[in-house]
Amino acid sequence: MNISIPEINFSIIAPELILSAFGLVILLLGAFFSEKRGNDHLGYISLLGIVVAFFFTVPLMETSQHAFNNMIAADGFGVFFKVTFLIIASLTVLISIGYVQRADIASGEYYALIMFATVGMMLMAAATSLLTLFLGLETMSISIYVLAGIMRGDKKSIESAMKYFILGAFATGFLLYGMAMVYGSTGSIILEEIAAYIKSKPELLRSPMIIIGIALLTIGFGFKVAMVPFHMWTPDVYEGAPTSITAFMATGVKAAGFAGFVRVFFSALGPFQPDWIAIMWVLAVATMTVGNVVAIVQTNIKRMLAYSSIAHAGYILVAFVAGNDLGTASILFYLLVYAFMNIGAFTIVILLGKKGEENVLISDYAGIGFRYPLLGVSMTIFMLSMAGIPPLGGFMGKFYVFSAAVKAKYYWLAIIGVLNSAVSVYYYLRVTVLMYFREPEREITGLTPFSLASRIAVIIAIGGVLYMGIFPANVLALAKRSIMGLM
Amino acid sequence: MNHLLSIIFSLLDHFLTTIVFLPIVGAIILLLINKEKHSAIRIVALVFSLAEFVISLPLFFLFDPKIVGMQFVEKARWIPEYGITYHLGIDGISLLLVLLTTFLTVLCILSSWSAITVRVKEYMISFLFLETGMVGAFVALDLVLFYVFWEVMLIPMYLLIGVWGDPRRRIYAAVKFFIYTMAGSVLMLIAILVLYFINLRSTGAATFDVLELYKTVIPVGTQYWLFAAFAVAFAIKVPMFPFHTWLPDAHTEAPTAGSVILAGVLLKMGTYGFIRFAMPLFPKAAMAFLPLICVLAIIGIIYGALVSMMQVDLKRLVAFSSVSHLGYVMLGMFALNMQGVEGSIYQMLNHGVSTGSLFLLVGMIYERRHTRMIADFGGLSKVMPVFAVIFMIVTLSSIGLPGTNGFVGEFLILLGAFRSRTAYGVVAATGVILGAAYMLWMFQRVMFGEIKNPENMKLKDLSRREIATMIPMVLLIFVMGIYPKLFFAKMDVSVDHFLKAFKAKYEMSVEASAPRIVSVRSGENTLEGKASSSQID
């Protein structure tokens, strides 16, 4: 009997290893300094870990290696996503410093779990086998379940975590079941081998088992990226979770979900494209429309941003339906720019709160534009970017997404998309209307002085939004290079 | 010294870029000034807008009217993946509109001197950003670049209406303005993308450059859709009946300078869009939609005039008169002959000058009395003689009295319309009478008669600053009325080229689409003939 020893190649999982190690150290340090809640030093240590991981990630960009029996890869696609996750994680850590103290969160667990969740996301993006993908997904999900409920004294936080956990576990079940079906039909969990097998057996294209498997996978991923009709959890969870974690979920989990979604569907299940496109078309339209329409009537800004994040998932699905290389590249671009603008917006939400008074109603924003000019301008930039107004990054993201749809001749999808984007202008503008056009109903005073870390986070976010809006060529070219070899 | 000279020369190479971005430089400098120092802020803003105007003036003199095509061209790669370029250039049409923009901006900043007393810094910054957007949209020759500038204009205008507008309904007006324009333009974005991919498939060249895209013949069926998408976006901006409902609100609620810019420049974006993009890109569809557009334009003329007549609010009256005036512009443009198109462009400038002046005058009186209701006035000519004289001149220019600018534009448009189809000319001409009726009636009620309202007794006549604001306008009214050749000389070649290119591409589209024999007989500079599918007179 021949037993092949899997080749061990630590260099390609170095970023994950580093983050895990830092996570463990932080957990340990947290245990020693447990009496001191909201320890900022742990935040800085996590930042250090992220930066170190970043330097180990970037060199992988130009390589295309597989390791561990083809279970994991270091290719452009994975690395682009890993960089995105590291940016998301670092911004999340930056906005957590200060907030953790205010919300009275145990910082050891908090930062460690952010590290572990990021490891999970990175594994998902790099996975070239269904099993690795699942491991990554669970690592990420379980960390996020805990993070959502980490404000133990807060009922809403607990409710949010409970809801997310139960529904999430359910969705994971679907996903796993779908993987089993695919494995049962093709006899492999390695994406490449699945694709090769399907190609060699055309009769599989009509096999109900694998089609049911694809449907179940769609549900599983759909839950993670908050796709209608699997979005019900989003507003409650986003509202209840600590705001920094909401930002992390809205950007990181969504991006990781899409990374897995795209990787599995395009590199393993490519031949089934005609089957899934019809259903994804409908889901894309439903996701955009439900997200945008329901966002209009929200009164709580976190819920509004939750519905807006559903709508953004819808735009990304438009690119997914387009299915061409432009579409896939635009998904990468969009998720990155979405990370900047969304975390930016949540940062402002955090900054406008203070201990015991989070000020998360949209009406709380009345008049702050002139009271806190920089905060107002930043929020305006993020809102306009999400609405897709040039020359901000959000516009370029939408431009690429819709151009992919037009290229693939999904004209109606593109038209519904842009009309949705026009609808969304209404609720994004409403925030600016309040900030600049209305007098405050009650004075918001005594805000904690904005910490250096949160200022840096806002500056990075604005810089990202502007850079990707005015000089998008470099990032797009990078995204295009990254998806070569995927399709 | 040498260093300075070399900087100046390199700026000359980037003449249009300098003009586009100079206001932003001003805005950034304003950011650094303490917000309490109102007069310093006003002066810096004025200096920058004046500098902008002065820098843009040489365009007029350096522009060679004999050259066909774009001048002062700048081209650089922007997003090479898509072939998107930073491509600027002007021809005889955009030249005049750029000058109108820089000219009106100076007057607007002057007119805001005492009208705006709160948040002056933010106001001036918005205004300068707006100027960049407007100038940029007029000089952009790449569709994506144009779209970017087109949308960039929205935000400062939205803020101008929403923050400094009339407190009662400003928010409604601002949001309505934004959503209307946005809804129109997103469809245009899709049309731009479709156009790009059609061109990419047929020629293999990835480009959003409008000069390249002019050459592409688009299948007729697609042309209809694309033209419709562009036309809706532009028609909302013009605004053409029935897309005009945002206009009275926005114009009425905006602060004076906002109304001036809105009427003077922003509406021209729509008509300019037709002449630069929608018509030359899709001539076949433009011809097919021609009857519809002409009829809507005429409805706009008559409807705008009738509604103006019934207004009790001065500003609203002027706002509705814009609907009527812009109807003429559209009618002239779609007459598709030399007279009509030149008249139409001239009328764009006229409308900027005369309606801009009207808004300024209404703003001046509003500042004094804090009311705009016609019924509150009467007999003002006795207490404010200078004001009355200027108001009279502007009113007559708006009506189109010979000797003023309005006459030249309207006359040419009607001439063009008659030549294109007599019925259009006849009906549109009745609008002239209605126009005279509502303007003169308004003038009579405001200026003549006894002073019934004691509050009007003590009104001060125009201050020196206000007269200084109005004098350039009055001069321009006469110069444009008496010596129009000065301006027509600049646009003749461009308009002629526009018509020829339109006709040539129209014929190509017809040939490409229909095997049937089509005879296109051309009279001098006029597109006449009978096509198999659409009747053209």
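Two residues are in contact if their C-beta atoms, placed from the backbone, lie within 7 Å. By that criterion, and leaving aside neighbours within four places in sequence, L110(B) is in contact with L46(B), R465(B) and T469(B). The model is predicted, and every value below is computed from it.

**Chain A overall**

- Chain A contains 20 helices and 2 strands.
- For 487 residues, a compact globule would have a radius of gyration near 23 Å, and the 21 Å of chain A agrees with this.
- The C-alpha trace of chain A extends over about 70 × 55 × 40 Å along its principal axes.
- Of the 487 residues in chain A, 61% are buried.
- Among contacts in chain A with a separation of 6 or more, 81% involve residues 24 or more positions apart.

**Chain B overall**

- Chain B contains 21 helices and 6 strands.
- For 537 residues, a compact globule would have a radius of gyration near 24 Å; chain B has 23 Å, in agreement.
- Along its principal axes, the C-alpha trace of chain B covers about 75 × 60 × 40 Å.
- In chain B, 58% of the 537 residues count as buried.
- Residues 24 or more positions apart supply 78% of the contacts in chain B that have a separation of 6 or more.

**Interface between the chains**

- The contact draws 27 residues from chain A and 26 residues from chain B.
- On the side of chain B that touches chain A, the elements giving two or more residues are helix 6 (143-152), helix 7 (154-164) and helix 8 (170-203) of chain B.
- Helix 8 of chain B gives the most to that side, with 14 residues.
- By residue class, the side of chain B that touches chain A has 21 nonpolar, 1 polar and 4 charged residues.

**Helix 7 of chain A**

- Helix 7 of chain A covers residues 155-186, and at 1.5 Å a residue its 32 residues should span 46 Å; the end C-alpha atoms are 46 Å apart, which agrees.
- After helix 7 of chain A comes G187(A), which has a positive phi near 75°.

- Strand 1 (residues 71-79) and strand 2 of chain B run antiparallel and are joined by 6 bridges.
- Within this pairing, E74(B) stands opposite L88(B) in strand 2 of chain B.
- I79(B) has I84(B), in strand 2 of chain B, as its bridge partner.
- The hairpin has 4 residues between the strands, and G83(B) takes a positive phi near 70° there.
- Strand 2 (residues 84-90) of chain B is mostly covered, with 5 of its 7 residues buried.
- In a regular strand, side chains alternate between the two faces of the sheet.

- L110(B) lies in helix 4 (residues 92-111) of chain B.
- Why does L110(B) count as buried? A residue is buried if 20 or more other C-beta atoms lie within 10 Å of its own, and L110(B) has 21 within 10 Å.
- L110(B) and A45(B) are 65 residues apart along the chain, while their C-alpha atoms are separated by 9.4 Å.

Technical notes. Residues numbered from 1 in each chain as written. Chains lettered and ligands numbered in written order. Predicted model: local features only at pLDDT ≥ 70, side-chain atom pairs only at ≥ 80, totals over all residues. Nonpolar A, V, L, I, M, F, W, Y, C, P; charged D, E, K, R; others polar. Buried ≥ 20, exposed ≤ 12 C-beta atoms within 10 Å, placed from the backbone. Pairing = 2+ DSSP bridges. Rg over C-alpha atoms; globule rule 2.2 N^0.38 Å. Expected span 1.5 Å × (residues − 1).
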